[in-house]
Amino acid sequence: MQAEFGVVEVTGEANPLTEGILYHVLRSAASNNPHQIQTGTKQLQQWETAKGFYPLLQSVFVDKSLPLEVRYLAIIQLKNGIDKYWRKTAANAINHDDKATVRSRLLESGVNEADKRLALQNALVVAKLVRLEFPKEWPELFTQITHILRASTAPTAYRLHLSRALLILLQVVKDLSTGTMMSIRKKLQDVAPDLLGVLGQIYVSKVQGWQNFFANGGDDEGGALDDIENSLLAIKIIRRLIIAGFDFPRKDRDVQEFWTLSRTHFGQFLPYVMQEDSPLAAGPRKMVEKHLMQLSKFHLTMAQAHSVDFVLFPNSLDLVRAYWGLVAQLGETWGSKSIESAKIGTDGDAEDEDAPILERLSLKGLLLVRSCIKMVFSPLNTIRFRQTQEKADTEQSKQMLKTELLTNDLVREMMSALVTRFFVFRPSDLRMWEEEPEEWEKMEEGGEDWEFTIRPCAEKLFLDLAKNFKDLIIQPLLQVFYTVATPENEDVLFKDSVYTAVGLAADILFDKLDFDAFISNTLVPEAQKQNPGYNIIRRRIAIIIAQWIPIKIGMDKKTLVYQIFQHLLDTNDQLNDQVVRVTAGRRLKDVVDEWEFKAENFMPYAPPMLDRMMALVQEVELPETKMALISTISSIVERMEHNITPYANSIISLLPPLWEQSGDEHLMKQAILTILCRLTNAMKADSRSFHVSFLPIIISAIEPNSEVSVYLLEDALDLWTSIVAQTPSTPEPVAPELLDLLQYLLPLYTVDSEVLRKAIEITEAYLLLAPAAVLADNFRPALFSALAGLLGNLKPDINGTVCHLVQCVIRGADGLGGSSAVHVVLDELISSGFLAKVMEGLHGAWTHHQSHGPYRELPSRAVDGIVETDYFTVLARIGLASPAVLIEGLSSIGGGELEKTLNWLLEEWFSHIENIGESTNKKLMALVLTRLLETNAPWILGKLQSLVIMWTDVLGELLDGCDDRSVDCLRWLEDAGPYNPVDPEAPEDARKRQLIYADPIHQINLVAYVREHLQQAIQASGSEQQFQEEWLGRVDKDVLKGFSELGIM
């Protein structure tokens, strides 16, 4: 095995898989030589599906004579192979014998592994297999682990075995406890009681061991250190086991005993780490702190996952009070007493150290109190059936929390502590404000990690209390507020904390506090004060206004708000430091996004604010901060609409350097694309001068095999859509660079449904803007081929989008070249297979409707419902443009059997009309079927009864409620005058309006249309009498009677 020979660099098939060669391949893959790494990695990949590969990897791992890096790579390869090939359903799955070999050595190799890194990887392998193999393929697993645990606690046992067995069990329990499927949780619940018994004994004995050593000393310091490591592993397992392994932890005697023990140990461990004269060295002290954190996680998770059990456990409410006692103790030293005490260097730099244990435990205490409030006021709803006793326990736990824990006195105490202590900045906060302003500002704005920091968590708890204890909270809070909310009060830190509370409680105080007066009388003067520390107040002013503006700020005070923000962004005022300005820049977004924003009121303040915002973007360095400020500018652009045009050059000139600086920071590029899109839409046609400069960005995201398309495609398509929509059709021709982008459209049809929808929307927009380009010979055939490839595999909504595009193409061709152009389009629809798919779907629908009975099945290509309507609209648009072209196409598709095709098609068409919901589509069908009378052919005259029924139905709907029954309601009169919008509109809106107004649906009066075509049919027959004898006589009298009531005949 150790013989020295290099890896033979030949093809994988020529390298036999043996343990010796595998070792050398692993050694190459683990080396520092790039060529060897590449060669070794390639060979390993070729062996992944070979028989015996994974047992040989394990053999390398268990051979302690081999280098650590080789063994480490072997176990990593084994772990990755389990993910890929262990499941029976996997391609090239590992065979049964190899699996049995690997399983048989996992536990032994794990408990005997001295290296912690290797032991951890082996434990992770075991955990992966447990989820896949236990209990069917590996039923004895937990029995084996339990046996190892018991044996390793014997006095003569090898010390390493216990810690390694605990490490394996920790990973197994961790994996099973995070499983979301009931079957996985059930596996853990089946073994939890037995495991808890064994682990509880280990935990108790090991804690007693190290506690005795701490109290009495001794010679076996190494044994005490082993004990404390093992007890920590044990408590990590136990807390997960109890939470995930028991549905009702309170009903298990062992769990009850451990719960009581956890409270006892929490009280015993605290003095080790809280007393200043603690005799423990740093290492053991850190381990005791870890025990305390595990116990606090256990208590908190129990309250969150098993809230009823938590409350009904003995003395649990005392435990919550004890945690609050720690919070109160932390509060005594939390905030700065004054601005001067927080200057740089006063208290040393504590930011680089871990948070003190009191702070970490207090954070768990705040979360625990939040959980208790949630149990009472926002309990989790469950669909699981609950027994009567369970419901009674739930109600009992709520009442206990209300009456025994959340008393008026405690609520007042908590509110006071939160506002007066934890909302106050610490010296370290203010030092970081000065030293690293941008980092500090970003950290303060990060709202997602509130569970890991004291002040954001305190804010969440304050909100919970304020919402659920309004009667207790509002008056005391307002009393304190009125005391500090005067320009004369200059206690900056306390004022900031009170303003924090009033901002958070905006939706609770809105009808109790005159915020408009507060702006005028207090915030305006305070925003201008030049006293030391008032930068803190200025920052808070930006935040509190942003919190209140969506709730209650009068329209007449909005100009004051804009003036305040304009002032806070001014770099000429020294108190407007970077934190103040960036905070104002962020919060300005909330101000302009509020519901009642009016661009005309903001206009006078827009120029200086935009200038200052753009300068601030260039000043800051963190990508996240730049993106936040760009987002504000983007919102201003959107809300200002066409009024933003004068500032467009300045905004656009800011973006190219940001694009270059962003590198692989795709979120920044998305933000830039968004602002370009909003700017284009806001400026309408005035944005045309910028369009060509935007196109390279779009191309970089949409071209085939683009590396950035996965990140930027959606935003690039939005920008492309906006550019086409805002490009005027006249007087200048469309830029050729914009038309060149058409070549990139069709490949997008195959990406996914959302991209397809957007690509079709862009195609339609091009058709309105430059129909000749879309209908040109170099694009049209490929378009129909792409659409034909989609048809039949789409969801109904996207199918409708595709068919609507084809309708638009037909109408565009008719507008450009009349029936001859429609004929060309029809030829393309036939040659691409599109029309054949339409007819196949409609024929399948007809066939289905001919069969009856409960067991009839829809043919594979058949369509129904709205999809059938969409297919008929395509035929209708062809027929309405030119019946002759439609008939020719149907003849071609039907193999020359035109009448046979028309018989089933018309039967299905007429029967489907009553299932169409939209009156516009109904009228479209009525128009085309009526126009077929122009052919004077027997196949349509023979359907006169169906025509009369259709006319009666459709006209009855279109004339319903009309005073003038000579004109259907969808006929739009031409004397309405031209449309003159108040504000500038997008050029595409005008094009769409023109398209709709030109639609025959709105141009033709169906009443007159039917009358005219009936008269033509009568004249073509020779006389009324002949028409009556030959065709009208076949129509049912009742049907004729209903039609005659419309007054057409």
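Biologist: Let's start with tryptophan 951. Leaving aside its neighbours within four places in sequence, which residues is it in contact with?
Modeller: This is a predicted model, to begin with. In it, tryptophan 951 is in contact with Thr930, Leu933, Leu944, Gly956, Val1010, Leu1014, Phe1043 and Leu1046, with neighbours within four places in sequence left aside.

Biologist: And the largest nonpolar core: which residues have the most contacts inside it?
Modeller: Trp951 is one of them.

Biologist: What domains does the assignment give for the protein chain?
Modeller: Domain 1 is 12-133. Domain 2 comes in two pieces, 793-851 and 858-915. Domain 3 is 934-1046.

Biologist: How many residues of domain 2 and domain 3 are in contact?
Modeller: On the domain 2 side, 12 residues. They touch 15 residues of domain 3. The centres of the two domains, taken over C-alpha atoms, are 21 Å apart.

Biologist: New topic. How much space lies in the second largest pocket?
Modeller: About 1,400 Å³. Its lining has 44 residues. Closest to the centre are Gln304, Ala305, His306, Ser307 and Leu380.

Biologist: Which helices supply at least two residues of that lining?
Modeller: Helix 9 (182-216), helix 10 (221-245) and helix 12 (282-305) are among them. So are helix 13 (307-312), helix 15 (357-377) and helix 16 (388-405). Helix 16 gives the most, with 8 residues.

Biologist: What is the lining of that pocket like by class?
Modeller: It has 18 charged residues, 13 polar and 13 nonpolar.

Biologist: How many cavities of 30 Å³ or more does the structure hold?
Modeller: There is 1. Helix 5 (96-111), helix 7 (141-152) and helix 8 (159-177) each give two or more residues to its lining.

Biologist: Which residues line the largest cavity?
Modeller: Leu107, Val111, Ile145, Ile148, Ala165 and Ile168. By class, that lining is 6 nonpolar residues, with no polar and no charged ones.

Biologist: On to the backbone. Where is the peptide bond from phenylalanine 134 to proline 135, and is it cis or trans?
Modeller: That bond is cis, with omega near 5°. Proline 135 sits in the loop between helix 6 (116-133) and helix 7.

Biologist: What about threonine 730 and proline 731?
Modeller: A cis peptide bond joins them, and omega is about 0°. Proline 731 is in the loop between helix 34 (709-725) and helix 35 (736-740).

Biologist: And phi? What is it for glutamate 641?
Modeller: Positive, about 55°, although glutamate 641 is not a glycine. This residue is in the loop between helix 30 (623-640) and helix 31 (648-662).

Biologist: What is the relative accessible area of glutamate 641?
Modeller: It is 41%, so glutamate 641 counts as partly exposed.

Biologist: And asparagine 936: what is its phi?
Modeller: Asparagine 936 has a positive phi of about 55°, and it is not a glycine. The residue lies in the loop between helix 44 (919-931) and helix 45 (938-941). Its relative accessible area is 31%, so asparagine 936 is partly exposed.

Biologist: What does glutamate 526 touch, not counting residues up to four places away in sequence?
Modeller: Thr486, Pro487, Lys495, Tyr499, Tyr534, Ile537 and Ile541.

Biologist: And aspartate 464, buried or exposed?
Modeller: Buried, with a relative accessible area of 15%. The cut-off for buried is under 20%. Aspartate 464 lies in helix 20, residues 454-468.

Biologist: What does aspartate 464 touch, beyond residues up to four places away in sequence?
Modeller: Arg370 and Ile373.

Biologist: Last one. How far apart are aspartate 464 and alanine 505?
Modeller: In sequence, 41 residues. In space, 9.9 Å, C-alpha to C-alpha.

Methods. Residues are numbered from 1 along each chain as its sequence is written. This is a predicted model: local features need pLDDT of at least 70, side-chain atom pairs count only at pLDDT 80 or more; totals for chains, interfaces and linings use all residues. Side-chain values use heavy atoms; hydrogens and water are left out. A nonpolar core is a set of buried Ala, Val, Leu, Ile, Met, Phe, Trp, Tyr and Cys residues joined through side-chain atoms within 4.5 Å. Buried means under 20% relative accessible area, exposed over 50%, partly exposed in between (1.4 Å probe, protein chains only). Contact means heavy atoms within 4.5 Å. On a 1 Å grid over the protein atoms alone, a cavity is a set of points where a 1.4 Å probe fits but cannot get out, and a pocket is an open set with protein on both sides within 12 Å along at least five of seven lines; lining residues have an atom within 4 Å of a point. Grid points are joined across faces, edges and corners, and a volume is the space filled by probe spheres set on the points. Helices (H or I, at least four residues) and strands (E, at least two) are DSSP runs, numbered from the N terminus. Ala, Val, Leu, Ile, Met, Phe, Trp, Tyr, Cys and Pro count as nonpolar, Asp, Glu, Lys and Arg as charged, and the others, Gly among them, as polar. Domain bounds come from an automatic or database domain assignment.
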